[in-house]
Amino acid sequence: MDALAANERMFPKEIALEDFESESAAFEREALLERLRTDADKTFDELFERYNSMVFRLAYRILGDREEALDVSQDVFFTVYRKLHRFRGESSLKTWIFRIAINRASNRCRWWNRLRRRGTVSLDEHLSAGRDYVLSQTVEAGGNSPEQNLLLHERRAEIESWLLRLPVHQRIAVIMRDVEGMSYEEIAESMHVSLGTVKSRIARGRQELKRHLNGALG
Amino acid sequence: MKCQNTLDQLSLLLDEMLERSDAERVSAHLATCDKCDREYNRLARLREELGSLNRVRVPDYLRHLVQLRLEEERSQNLTTQLRESLEYWWSRIRTTERIWYLTRVFGMAATFVFFFALSSAVNPVYLELRNQNVENNGPSQYLRQQLGSYVLKNLGLMPVEAQRRPISPSEPQINDLYLLKFGESASRIGSDDSFSVFTVVDRSGSAKIQNVLEYPADRRLLQSFNNMISSAQLRPASQNGRAVDSHLVLTFNKISVYD
(Lines give C-alpha, C1' and ligand atoms only; values in the text may rest on other atoms or scores of the structure.)
Protein backbone atom coordinates (compact mmCIF):
# COMPACT_ATOMS: atom_id res chain seq x y z
CA MET A 1 0.00 0.00 0.00
CA ASP A 2 2.86 2.34 0.85
CA ALA A 3 4.45 1.71 -2.48
CA LEU A 4 1.18 2.34 -4.28
CA ALA A 5 0.61 5.57 -2.37
CA ALA A 6 4.12 6.73 -3.18
CA ASN A 7 3.56 5.90 -6.83
CA GLU A 8 0.34 7.91 -6.89
CA ARG A 9 2.10 10.85 -5.28
CA MET A 10 4.81 10.75 -7.93
CA PHE A 11 2.44 10.16 -10.83
CA PRO A 12 -0.97 11.62 -10.02
CA LYS A 13 -3.58 9.83 -12.08
CA GLU A 14 -5.36 12.86 -13.51
CA ILE A 15 -2.23 14.65 -14.57
CA ALA A 16 -0.76 11.53 -16.10
CA LEU A 17 -3.94 10.87 -18.06
CA GLU A 18 -4.15 14.45 -19.34
CA ASP A 19 -0.53 14.38 -20.40
CA PHE A 20 -1.06 11.13 -22.21
CA GLU A 21 -4.15 12.44 -24.00
CA SER A 22 -2.47 15.65 -25.10
CA GLU A 23 0.59 13.76 -26.31
CA SER A 24 -1.59 11.26 -28.09
CA ALA A 25 -3.62 14.01 -29.78
CA ALA A 26 -0.46 15.82 -30.80
CA PHE A 27 1.00 12.62 -32.20
CA GLU A 28 -2.19 11.90 -34.11
CA ARG A 29 -2.25 15.45 -35.47
CA GLU A 30 1.35 15.19 -36.64
CA ALA A 31 0.63 11.85 -38.30
CA LEU A 32 -2.39 13.34 -40.03
CA LEU A 33 -0.46 16.34 -41.31
CA GLU A 34 2.24 14.02 -42.62
CA ARG A 35 -0.39 11.94 -44.42
CA LEU A 36 -1.88 15.12 -45.86
CA ARG A 37 1.49 16.07 -47.27
CA THR A 38 2.14 12.68 -48.81
CA ASP A 39 -1.26 11.58 -50.08
CA ALA A 40 -4.05 14.14 -49.78
CA ASP A 41 -6.56 12.17 -51.88
CA LYS A 42 -6.29 9.05 -49.75
CA THR A 43 -6.53 11.09 -46.56
CA PHE A 44 -9.64 12.78 -47.89
CA ASP A 45 -11.21 9.37 -48.58
CA GLU A 46 -10.51 8.32 -45.01
CA LEU A 47 -12.03 11.52 -43.68
CA PHE A 48 -15.09 11.05 -45.82
CA GLU A 49 -15.54 7.50 -44.55
CA ARG A 50 -15.18 8.61 -40.96
CA TYR A 51 -17.30 11.76 -40.92
CA ASN A 52 -19.81 11.61 -43.77
CA SER A 53 -22.63 10.23 -41.64
CA MET A 54 -22.01 12.71 -38.81
CA VAL A 55 -21.92 15.67 -41.18
CA PHE A 56 -25.06 14.53 -42.97
CA ARG A 57 -26.91 13.95 -39.70
CA LEU A 58 -25.87 17.32 -38.35
CA ALA A 59 -26.96 19.10 -41.53
CA TYR A 60 -30.18 17.15 -41.63
CA ARG A 61 -31.05 17.93 -38.02
CA ILE A 62 -30.22 21.60 -38.43
CA LEU A 63 -32.12 22.02 -41.70
CA GLY A 64 -34.81 19.36 -41.34
CA ASP A 65 -34.72 18.55 -45.03
CA ARG A 66 -33.05 15.61 -46.65
CA GLU A 67 -32.21 17.20 -50.00
CA GLU A 68 -30.91 20.33 -48.34
CA ALA A 69 -28.79 18.21 -46.03
CA LEU A 70 -27.39 16.29 -49.00
CA ASP A 71 -26.53 19.49 -50.78
CA VAL A 72 -24.87 20.96 -47.70
CA SER A 73 -22.95 17.73 -46.98
CA GLN A 74 -21.68 17.65 -50.51
CA ASP A 75 -20.65 21.27 -50.22
CA VAL A 76 -18.92 20.62 -46.89
CA PHE A 77 -16.77 17.79 -48.24
CA PHE A 78 -16.00 19.73 -51.36
CA THR A 79 -14.77 22.60 -49.17
CA VAL A 80 -12.82 20.17 -47.01
CA TYR A 81 -11.11 18.79 -50.13
CA ARG A 82 -10.23 22.26 -51.38
CA LYS A 83 -8.95 23.55 -48.04
CA LEU A 84 -7.38 20.38 -46.74
CA HIS A 85 -3.90 21.49 -47.74
CA ARG A 86 -4.37 24.65 -45.65
CA PHE A 87 -5.19 22.69 -42.50
CA ARG A 88 -2.33 23.32 -40.06
CA GLY A 89 -3.61 21.34 -37.10
CA GLU A 90 -4.51 24.29 -34.85
CA SER A 91 -7.73 22.47 -33.99
CA SER A 92 -8.77 18.86 -34.32
CA LEU A 93 -9.79 17.77 -37.79
CA LYS A 94 -13.20 16.71 -36.53
CA THR A 95 -14.07 20.14 -35.12
CA TRP A 96 -12.61 21.78 -38.21
CA ILE A 97 -14.95 19.78 -40.44
CA PHE A 98 -17.89 20.42 -38.13
CA ARG A 99 -17.18 24.13 -38.14
CA ILE A 100 -17.45 24.13 -41.93
CA ALA A 101 -20.66 22.11 -41.72
CA ILE A 102 -22.15 24.47 -39.13
CA ASN A 103 -21.30 27.52 -41.21
CA ARG A 104 -22.79 26.04 -44.36
CA ALA A 105 -25.94 24.82 -42.62
CA SER A 106 -26.43 28.11 -40.75
CA ASN A 107 -26.11 30.06 -43.99
CA ARG A 108 -28.66 27.79 -45.59
CA CYS A 109 -30.97 28.31 -42.61
CA ARG A 110 -30.69 32.06 -42.92
CA TRP A 111 -31.46 31.74 -46.61
CA TRP A 112 -34.60 29.75 -45.86
CA ASN A 113 -35.64 32.25 -43.22
CA ARG A 114 -35.26 35.13 -45.70
CA LEU A 115 -37.43 33.27 -48.18
CA ARG A 116 -39.98 32.62 -45.48
CA ARG A 117 -40.07 36.28 -44.51
CA ARG A 118 -40.68 37.18 -48.14
CA GLY A 119 -43.51 34.68 -48.20
CA THR A 120 -41.93 32.71 -51.02
CA VAL A 121 -42.09 29.40 -49.18
CA SER A 122 -44.04 28.03 -46.29
CA LEU A 123 -41.81 26.80 -43.50
CA ASP A 124 -44.47 24.41 -42.27
CA GLU A 125 -44.59 22.72 -45.65
CA HIS A 126 -40.83 22.63 -45.70
CA LEU A 127 -40.68 21.03 -42.27
CA SER A 128 -43.46 18.60 -42.90
CA ALA A 129 -41.65 17.38 -46.01
CA GLY A 130 -38.64 16.71 -43.83
CA ARG A 131 -40.72 14.87 -41.24
CA ASP A 132 -42.13 12.54 -43.86
CA TYR A 133 -38.65 11.49 -44.62
CA VAL A 134 -37.91 10.94 -40.94
CA LEU A 135 -40.87 8.63 -40.60
CA SER A 136 -39.91 6.65 -43.65
CA GLN A 137 -36.19 6.55 -43.02
CA THR A 138 -35.95 5.92 -39.29
CA VAL A 139 -38.36 3.04 -38.92
CA GLU A 140 -36.98 0.59 -36.45
CA ALA A 141 -37.50 -2.98 -37.43
CA GLY A 142 -37.24 -4.07 -33.81
CA GLY A 143 -39.73 -6.23 -32.00
CA ASN A 144 -42.14 -3.32 -31.47
CA SER A 145 -45.72 -3.71 -32.53
CA PRO A 146 -47.06 -1.42 -35.28
CA GLU A 147 -48.92 0.63 -32.68
CA GLN A 148 -45.77 1.08 -30.62
CA ASN A 149 -43.83 2.04 -33.72
CA LEU A 150 -46.46 4.59 -34.63
CA LEU A 151 -46.38 6.12 -31.16
CA LEU A 152 -42.61 6.17 -31.22
CA HIS A 153 -42.58 7.95 -34.56
CA GLU A 154 -45.17 10.44 -33.50
CA ARG A 155 -43.14 11.33 -30.43
CA ARG A 156 -39.96 11.67 -32.45
CA ALA A 157 -41.74 13.76 -35.04
CA GLU A 158 -42.91 16.07 -32.30
CA ILE A 159 -39.41 16.35 -30.84
CA GLU A 160 -37.96 17.03 -34.27
CA SER A 161 -40.60 19.61 -34.95
CA TRP A 162 -39.81 21.53 -31.76
CA LEU A 163 -36.10 21.06 -32.28
CA LEU A 164 -36.41 22.79 -35.64
CA ARG A 165 -38.20 25.68 -33.98
CA LEU A 166 -35.31 26.43 -31.64
CA PRO A 167 -33.04 29.36 -32.50
CA VAL A 168 -30.29 28.14 -34.81
CA HIS A 169 -27.40 28.44 -32.35
CA GLN A 170 -29.30 26.65 -29.57
CA ARG A 171 -30.43 24.00 -32.03
CA ILE A 172 -26.88 23.36 -33.21
CA ALA A 173 -25.54 23.14 -29.65
CA VAL A 174 -28.29 20.72 -28.54
CA ILE A 175 -27.88 18.55 -31.64
CA MET A 176 -24.11 18.34 -31.25
CA ARG A 177 -24.39 17.47 -27.58
CA ASP A 178 -27.45 15.24 -27.33
CA VAL A 179 -27.74 13.76 -30.82
CA GLU A 180 -24.07 13.47 -31.76
CA GLY A 181 -22.74 13.10 -28.22
CA MET A 182 -19.92 15.58 -28.63
CA SER A 183 -18.14 17.09 -25.63
CA TYR A 184 -18.66 20.71 -24.58
CA GLU A 185 -15.09 21.53 -25.56
CA GLU A 186 -15.56 20.11 -29.05
CA ILE A 187 -18.79 22.05 -29.47
CA ALA A 188 -17.13 25.27 -28.32
CA GLU A 189 -14.30 24.73 -30.77
CA SER A 190 -16.64 23.88 -33.62
CA MET A 191 -18.95 26.83 -33.00
CA HIS A 192 -16.02 29.11 -32.27
CA VAL A 193 -17.51 30.33 -28.99
CA SER A 194 -16.54 30.09 -25.32
CA LEU A 195 -17.34 27.12 -23.11
CA GLY A 196 -19.74 29.24 -21.06
CA THR A 197 -21.71 30.18 -24.17
CA VAL A 198 -22.03 26.52 -25.09
CA LYS A 199 -23.27 25.63 -21.61
CA SER A 200 -25.81 28.42 -21.76
CA ARG A 201 -27.05 27.50 -25.26
CA ILE A 202 -27.45 23.83 -24.40
CA ALA A 203 -29.26 24.57 -21.13
CA ARG A 204 -31.64 27.05 -22.76
CA GLY A 205 -32.28 24.80 -25.72
CA ARG A 206 -33.09 21.85 -23.48
CA GLN A 207 -35.26 24.00 -21.27
CA GLU A 208 -37.22 25.22 -24.26
CA LEU A 209 -37.69 21.71 -25.61
CA LYS A 210 -38.70 20.42 -22.21
CA ARG A 211 -41.26 23.18 -21.86
CA HIS A 212 -42.96 22.26 -25.14
CA LEU A 213 -42.62 18.49 -24.74
CA ASN A 214 -43.81 18.16 -21.18
CA GLY A 215 -46.58 15.77 -22.15
CA ALA A 216 -44.40 13.59 -24.33
CA LEU A 217 -41.71 13.25 -21.66
CA GLY A 218 -44.10 11.98 -19.02
CA MET B 1 -30.77 25.98 -1.93
CA LYS B 2 -33.51 27.56 -3.98
CA CYS B 3 -35.35 25.57 -6.68
CA GLN B 4 -34.72 28.21 -9.35
CA ASN B 5 -30.95 27.99 -8.84
CA THR B 6 -31.17 24.23 -9.03
CA LEU B 7 -33.21 24.23 -12.24
CA ASP B 8 -30.56 26.41 -13.90
CA GLN B 9 -27.91 23.85 -13.11
CA LEU B 10 -29.78 20.65 -13.94
CA SER B 11 -28.49 20.60 -17.51
CA LEU B 12 -24.87 20.86 -16.36
CA LEU B 13 -25.45 18.24 -13.67
CA LEU B 14 -26.82 15.89 -16.30
CA ASP B 15 -23.66 16.30 -18.37
CA GLU B 16 -21.37 16.13 -15.32
CA MET B 17 -20.09 19.60 -16.06
CA LEU B 18 -20.54 20.97 -12.54
CA GLU B 19 -17.78 21.38 -10.01
CA ARG B 20 -17.78 18.64 -7.41
CA SER B 21 -19.06 20.91 -4.63
CA ASP B 22 -21.86 22.31 -6.81
CA ALA B 23 -22.82 18.84 -7.99
CA GLU B 24 -23.06 17.64 -4.39
CA ARG B 25 -25.18 20.61 -3.43
CA VAL B 26 -27.60 20.20 -6.38
CA SER B 27 -27.82 16.44 -5.82
CA ALA B 28 -28.64 17.01 -2.17
CA HIS B 29 -31.43 19.38 -3.18
CA LEU B 30 -32.83 16.89 -5.69
CA ALA B 31 -32.98 14.27 -2.96
CA THR B 32 -35.24 16.53 -0.94
CA CYS B 33 -37.30 18.29 -3.68
CA ASP B 34 -39.71 16.18 -5.75
CA LYS B 35 -40.44 18.97 -8.22
CA CYS B 36 -36.78 19.53 -9.11
CA ASP B 37 -36.17 15.79 -9.20
CA ARG B 38 -39.05 15.38 -11.64
CA GLU B 39 -37.59 18.12 -13.84
CA TYR B 40 -34.23 16.39 -13.74
CA ASN B 41 -35.79 13.10 -14.83
CA ARG B 42 -37.62 14.85 -17.66
CA LEU B 43 -34.39 16.39 -18.78
CA ALA B 44 -32.72 12.99 -18.72
CA ARG B 45 -35.61 11.56 -20.71
CA LEU B 46 -35.34 14.39 -23.23
CA ARG B 47 -31.66 13.68 -23.70
CA GLU B 48 -32.43 10.03 -24.22
CA GLU B 49 -35.07 10.87 -26.82
CA LEU B 50 -32.75 13.26 -28.61
CA GLY B 51 -30.06 10.60 -28.61
CA SER B 52 -32.32 8.28 -30.54
CA LEU B 53 -32.59 10.81 -33.37
CA ASN B 54 -29.19 9.89 -34.71
CA ARG B 55 -30.63 6.93 -36.54
CA VAL B 56 -30.70 8.65 -39.88
CA ARG B 57 -29.47 6.68 -42.82
CA VAL B 58 -27.02 8.50 -45.03
CA PRO B 59 -27.94 8.16 -48.71
CA ASP B 60 -25.48 5.89 -50.50
CA TYR B 61 -25.13 8.30 -53.35
CA LEU B 62 -23.64 11.05 -51.19
CA ARG B 63 -20.21 9.63 -51.95
CA HIS B 64 -21.02 9.55 -55.64
CA LEU B 65 -22.19 13.17 -55.56
CA VAL B 66 -19.01 14.26 -53.84
CA GLN B 67 -16.88 12.28 -56.31
CA LEU B 68 -18.68 13.89 -59.24
CA ARG B 69 -18.13 17.34 -57.84
CA LEU B 70 -14.46 16.63 -57.16
CA GLU B 71 -13.93 15.31 -60.68
CA GLU B 72 -15.54 18.43 -62.05
CA GLU B 73 -13.30 20.50 -59.84
CA ARG B 74 -10.19 18.60 -60.94
CA SER B 75 -11.02 19.02 -64.63
CA GLN B 76 -11.58 22.74 -64.14
CA ASN B 77 -8.55 22.95 -61.97
CA LEU B 78 -6.07 22.68 -64.85
CA THR B 79 -7.59 25.52 -66.84
CA THR B 80 -8.02 27.55 -63.67
CA GLN B 81 -4.41 27.01 -62.68
CA LEU B 82 -3.22 27.95 -66.16
CA ARG B 83 -5.31 31.11 -66.17
CA GLU B 84 -4.21 32.03 -62.68
CA SER B 85 -0.55 31.49 -63.46
CA LEU B 86 -0.84 33.60 -66.62
CA GLU B 87 -2.58 36.36 -64.69
CA TYR B 88 0.06 36.12 -61.98
CA TRP B 89 2.94 36.43 -64.41
CA TRP B 90 1.26 39.22 -66.31
CA SER B 91 0.70 41.13 -63.07
CA ARG B 92 4.36 40.57 -62.12
CA ILE B 93 5.52 41.80 -65.51
CA ARG B 94 3.36 44.88 -65.19
CA THR B 95 4.44 45.69 -61.67
CA THR B 96 8.18 44.86 -61.79
CA GLU B 97 10.17 47.55 -63.59
CA ARG B 98 13.13 45.37 -64.46
CA ILE B 99 10.98 42.61 -65.91
CA TRP B 100 9.05 45.23 -67.86
CA TYR B 101 12.22 46.49 -69.56
CA LEU B 102 13.43 42.95 -70.16
CA THR B 103 10.13 42.17 -71.82
CA ARG B 104 10.47 45.18 -74.10
CA VAL B 105 13.98 44.13 -75.10
CA PHE B 106 12.76 40.62 -75.73
CA GLY B 107 9.90 42.00 -77.83
CA MET B 108 12.29 44.07 -79.93
CA ALA B 109 14.56 41.08 -80.48
CA ALA B 110 11.59 38.96 -81.46
CA THR B 111 10.44 41.64 -83.91
CA PHE B 112 13.92 41.81 -85.45
CA VAL B 113 14.06 38.05 -85.90
CA PHE B 114 10.57 38.08 -87.41
CA PHE B 115 11.38 40.68 -90.05
CA PHE B 116 14.70 39.04 -90.83
CA ALA B 117 12.92 35.74 -91.38
CA LEU B 118 10.38 37.53 -93.55
CA SER B 119 13.07 39.14 -95.72
CA SER B 120 14.88 35.82 -95.98
CA ALA B 121 11.70 34.26 -97.26
CA VAL B 122 11.43 36.99 -99.93
CA ASN B 123 15.10 36.84 -100.90
CA PRO B 124 16.40 33.34 -100.15
CA VAL B 125 19.95 32.94 -98.96
CA TYR B 126 22.30 31.57 -101.58
CA LEU B 127 25.59 30.37 -100.27
CA GLU B 128 28.31 29.31 -102.63
CA LEU B 129 29.82 26.21 -101.25
CA ARG B 130 32.06 25.57 -104.21
CA ASN B 131 34.54 28.27 -103.64
CA GLN B 132 38.27 28.36 -103.28
CA ASN B 133 38.01 30.04 -99.90
CA VAL B 134 36.25 27.00 -98.55
CA GLU B 135 39.39 24.96 -98.97
CA ASN B 136 41.61 27.57 -97.42
CA ASN B 137 39.62 28.73 -94.43
CA GLY B 138 37.26 25.90 -93.80
CA PRO B 139 33.57 25.77 -94.58
CA SER B 140 32.27 27.21 -91.32
CA GLN B 141 34.28 30.40 -91.51
CA TYR B 142 33.35 30.85 -95.12
CA LEU B 143 29.66 30.34 -94.32
CA ARG B 144 29.85 32.91 -91.56
CA GLN B 145 31.35 35.44 -93.95
CA GLN B 146 28.72 34.71 -96.54
CA LEU B 147 25.91 34.94 -94.04
CA GLY B 148 27.26 38.19 -92.59
CA SER B 149 27.43 39.86 -95.97
CA TYR B 150 24.03 38.49 -96.82
CA VAL B 151 22.50 39.95 -93.65
CA LEU B 152 24.07 43.37 -94.33
CA LYS B 153 22.83 43.25 -97.88
CA ASN B 154 19.29 42.34 -96.87
CA LEU B 155 19.20 45.13 -94.38
CA GLY B 156 20.31 47.60 -97.00
CA LEU B 157 23.59 48.32 -95.22
CA MET B 158 25.79 47.20 -98.12
CA PRO B 159 25.80 49.26 -101.33
CA VAL B 160 24.70 47.58 -104.52
CA GLU B 161 28.13 48.06 -106.12
CA ALA B 162 29.79 46.12 -103.34
CA GLN B 163 27.39 43.29 -103.85
CA ARG B 164 28.89 42.46 -107.18
CA ARG B 165 31.42 39.78 -107.29
CA PRO B 166 34.90 41.28 -107.73
CA ILE B 167 36.69 40.33 -110.93
CA SER B 168 40.10 38.99 -110.22
CA PRO B 169 42.90 39.38 -112.80
CA SER B 170 43.34 35.63 -113.00
CA GLU B 171 39.78 35.06 -113.95
CA PRO B 172 39.44 34.52 -117.70
CA GLN B 173 36.98 36.65 -119.56
CA ILE B 174 36.20 37.82 -123.03
CA ASN B 175 38.30 40.82 -123.86
CA ASP B 176 39.59 42.92 -126.68
CA LEU B 177 42.07 40.28 -127.76
CA TYR B 178 39.36 37.84 -128.70
CA LEU B 179 37.39 40.49 -130.55
CA LEU B 180 40.48 41.62 -132.41
CA LYS B 181 41.27 38.12 -133.57
CA PHE B 182 37.70 37.59 -134.68
CA GLY B 183 37.63 40.94 -136.45
CA GLU B 184 40.83 40.10 -138.27
CA SER B 185 39.41 36.81 -139.45
CA ALA B 186 36.15 38.48 -140.51
CA SER B 187 37.75 41.28 -142.46
CA ARG B 188 39.42 38.95 -144.88
CA ILE B 189 36.23 38.54 -146.77
CA GLY B 190 35.48 41.66 -148.70
CA SER B 191 31.71 41.97 -148.45
CA ASP B 192 29.17 43.20 -145.90
CA ASP B 193 27.50 40.52 -143.83
CA SER B 194 25.60 40.05 -140.59
CA PHE B 195 24.21 37.34 -138.30
CA SER B 196 22.38 36.89 -135.02
CA VAL B 197 22.81 34.02 -132.57
CA PHE B 198 21.16 32.91 -129.39
CA THR B 199 23.94 32.12 -126.92
CA VAL B 200 23.92 30.32 -123.61
CA VAL B 201 26.41 31.40 -120.92
CA ASP B 202 26.59 28.93 -118.07
CA ARG B 203 27.69 29.58 -114.49
CA SER B 204 31.28 28.74 -115.19
CA GLY B 205 31.42 31.46 -117.85
CA SER B 206 31.72 29.21 -120.94
CA ALA B 207 29.42 30.10 -123.81
CA LYS B 208 28.05 28.22 -126.73
CA ILE B 209 25.67 29.02 -129.54
CA GLN B 210 22.34 27.40 -128.97
CA ASN B 211 20.46 28.69 -131.92
CA VAL B 212 21.18 30.82 -134.97
CA LEU B 213 18.56 33.44 -135.44
CA GLU B 214 19.97 34.91 -138.67
CA TYR B 215 22.52 33.13 -140.77
CA PRO B 216 25.31 35.12 -142.47
CA ALA B 217 25.88 34.87 -146.21
CA ASP B 218 29.32 33.60 -145.55
CA ARG B 219 29.04 30.57 -143.25
CA ARG B 220 32.71 30.76 -142.46
CA LEU B 221 32.03 33.94 -140.58
CA LEU B 222 29.67 32.07 -138.26
CA GLN B 223 32.13 29.23 -137.86
CA SER B 224 34.86 31.65 -136.94
CA PHE B 225 32.56 33.34 -134.38
CA ASN B 226 31.65 29.99 -132.94
CA ASN B 227 35.29 29.08 -132.48
CA MET B 228 35.98 32.37 -130.79
CA ILE B 229 33.10 32.26 -128.40
CA SER B 230 33.56 28.62 -127.42
CA SER B 231 37.18 29.22 -126.52
CA ALA B 232 36.41 32.46 -124.65
CA GLN B 233 35.53 32.75 -120.97
CA LEU B 234 32.67 35.12 -120.20
CA ARG B 235 31.73 36.62 -116.88
CA PRO B 236 28.55 34.84 -115.85
CA ALA B 237 25.46 36.72 -114.91
CA SER B 238 24.84 37.02 -111.16
CA GLN B 239 21.74 37.12 -109.10
CA ASN B 240 22.08 38.15 -105.46
CA GLY B 241 25.80 37.66 -105.80
CA ARG B 242 25.46 34.17 -107.12
CA ALA B 243 26.49 33.10 -110.65
CA VAL B 244 23.58 31.86 -112.70
CA ASP B 245 22.96 30.64 -116.25
CA SER B 246 22.03 33.33 -118.73
CA HIS B 247 21.15 33.74 -122.38
CA LEU B 248 22.46 36.29 -124.77
CA VAL B 249 21.31 37.34 -128.22
CA LEU B 250 24.35 38.51 -130.09
CA THR B 251 24.09 40.37 -133.37
CA PHE B 252 27.16 40.88 -135.49
CA ASN B 253 27.37 43.32 -138.38
CA LYS B 254 30.36 43.41 -140.70
CA ILE B 255 30.68 46.54 -142.73
CA SER B 256 33.46 46.80 -145.26
CA VAL B 257 34.88 50.25 -145.66
CA TYR B 258 36.60 50.99 -148.94
CA ASP B 259 39.13 53.67 -149.31
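**View 1. Contact of helices α8(A) and α10(A) in the predicted model.** His169(A), Gln170(A), Arg171(A), Ala173(A), Val174(A) and Arg177(A) of α8(A) meet Val198(A), Arg201(A), Ile202(A), Arg204(A), Gly205(A) and Arg206(A) of α10(A). Two residues are taken to be in contact if their C-beta atoms, placed from the backbone, lie within 7 Å. By class, this contact has 4 nonpolar, 3 polar and 5 charged residues; Ala, Val, Leu, Ile, Met, Phe, Trp, Tyr, Cys and Pro count as nonpolar, Asp, Glu, Lys and Arg as charged, and the others, Gly among them, as polar. Helix α10(A) spans residues 195–212, and its axis lies 8 Å from that of α8(A) at an angle of about 90°. Axes are lines fitted to C-alpha atoms, for helices over the stretch in contact, and angles run from 0 to 180 degrees between N-to-C directions. The two helices are therefore roughly perpendicular, a class that covers 65 to 115 degrees, whereas angles under 35 degrees count as roughly parallel, over 145 as roughly antiparallel and the rest as oblique. Helices (H or I, at least four residues) and strands (E, at least two) are DSSP runs, numbered from the N terminus.

The model is predicted: local features need pLDDT of at least 70 and side-chain atom pairs count only at pLDDT 80 or more, while totals for chains, interfaces and linings use all residues. Residues are numbered from 1 along each chain as its sequence is written, and chains are lettered from A and ligands numbered from 1 in the order in which they are written.

**View 2. Packing of helices α8(A) and α9(A).** Helix α8(A) comprises residues 168–179 and α9(A) residues 184–191; their axes are 10 Å apart, at an angle of about 140°. The pair is therefore oblique. On the α8(A) side, Ile172(A), Ala173(A), Met176(A) and Arg177(A) take part, and they meet Ile187(A), Ser190(A) and Met191(A) of α9(A). These contact residues divide into 5 nonpolar, 1 polar and 1 charged.

**View 3. Pro167(A) in the loop between α7(A) and α8(A).** Pro167(A) is found in the loop that lies between these two helices. With 12 C-beta neighbours inside 10 Å, this proline counts as exposed. A residue is exposed if 12 or fewer other C-beta atoms, placed from the backbone, lie within 10 Å of its own, buried if there are 20 or more, and partly exposed in between. The C-alpha atoms of Pro167(A) and Gly205(A) are separated by 8.2 Å, although the two residues are 38 residues apart along the chain.

**View 4. Surroundings of Ile159(A).** Ile159(A) lies in helix α7(A). It is buried, with 20 other C-beta atoms within 10 Å. Not counting residues up to four places away in sequence, Ile159(A) touches Leu213(A) as well as Glu49(B) and Leu50(B). Leu209(A) is 50 residues apart from Ile159(A) along the chain, and their C-alpha atoms are separated by 7.7 Å.

**View 5. The side of chain A that touches chain B.** The contact takes 32 residues from chain A and 24 residues from chain B. Elements giving two or more residues to the chain A side are α3 (40–63), α4 (66–83), α7 (146–164), α8 and α10 of chain A. Helix α3(A) provides the largest share, 7 residues. By class, the chain A side has 16 nonpolar, 7 polar and 9 charged residues.

**View 6. The open sheet of chain B.** Chain B has 10 helices and 5 strands. Three of its strands form an open sheet in the order β2-β1-β5, with antiparallel pairing; two strands pair if DSSP finds at least two bridges between them. The edge strands are β2(B) and β5(B), each of which pairs on one side only. Neighbouring strands are turned by 30° against each other on average, direction ignored. Helix α10(B), residues 219–231, packs on the sheet and touches β1, β2 and β5 of chain B; its direction makes about 155° with that of β2(B).

**View 7. Strand pairing around β1(B).** Strand β1(B), residues 193–201, is joined to β5(B), residues 246–254, by 9 bridges. Thr199(B) has Leu248(B) as its bridge partner in β5(B). A further strand, β2(B), residues 207–214, is joined to β1(B) by 6 bridges, and in β2(B) the bridge partner of Ser196(B) is Glu214(B). Strands β1(B) and β2(B) form a hairpin with 5 residues between them, and Gly205(B) in the turn has a positive phi of about 100°.
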